[in-house]
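Here is a short report on one protein chain. Look at the model first, then read on.

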Amino acid sequence: MVRGSDILLILVAIIFPPLAAAMIAGCSCDLLINICLTLLGYLPGHLHAFWLIYKKMKAEESFGPGGYTYLGNGNFVGNGPGVVGAPPPPHGHQQQYYGSTQ
């Protein structure tokens with residue numbers, strides 16, 4: 001489902017693709033790639049920005065709004081418990097020690 005923030009990102013991508021890439025990826029390699037693609041030609045920068053927006057929309061669809069972290073290269077991972085890449089459990093939580101005597 002398209003949200004208002006996605007429409008804003010699309011409008012920003014039409015006007016200036018590197019800004020849309022920065023809004024999604026922050027100061028990362030994707031921003032540098034988008035700047036280079038935009039300098040090489042306006043269309044490649046647009047395609048890359050729209051691809052990042054598409055991947056963000058798919059992550060929101062899978063993990064819910066704000067329930068994901070951007071890993072780079074258009075990859076997102078969920079933040080919920082039991083999700084690969086989830087943050088570690090809080091202190092005081094007993095960890096499983098497989099194959100040890102602790």
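## Order of elements

Along the sequence, the pattern is α-α-α-α-β-β. That makes four helices and two strands. Both are DSSP runs numbered from the N terminus: helices are H or I with at least four residues, strands are E with at least two.

## Model and confidence

This is a predicted model, where local features need pLDDT of at least 70, side-chain atom pairs count only at pLDDT 80 or more, and totals for chains, interfaces and linings use all residues. Residues are numbered from 1 along each chain as its sequence is written, and side-chain values use heavy atoms, leaving out hydrogens and water.

The pLDDT is the predictor's confidence in each residue, from 0 to 100. The chain averages 80, and 77% of residues score at least 70. Helix α3 (residues 29-40) has the highest mean, 94. Strand β1 (residues 68-72) has the lowest, 75.

## Annotated spans

An unreviewed UniProt entry lists residues 7-25 and 31-54 as "transmembrane region". Such annotations may be inferred rather than shown by experiment. In the model, residues 7-25 are 95% helix, with end C-alpha atoms 17 Å apart. Residues 31-54 are 96% helix, and their end C-alpha atoms lie 16 Å apart.

## Burial and core

Of the 102 residues, 32% are buried (under 20% relative accessible area, 1.4 Å probe, protein chains only). The largest nonpolar core has 15 residues. Such a core joins buried Ala, Val, Leu, Ile, Met, Phe, Trp, Tyr and Cys residues through side-chain atoms within 4.5 Å. I24 is among the members that touch the most others. Helices α1, α2 and α4 and strand β1 each give two or more residues to this core.

Methods:
Buried < 20%, exposed > 50% of the residue type's maximum accessible area, 1.4 Å probe, protein only.
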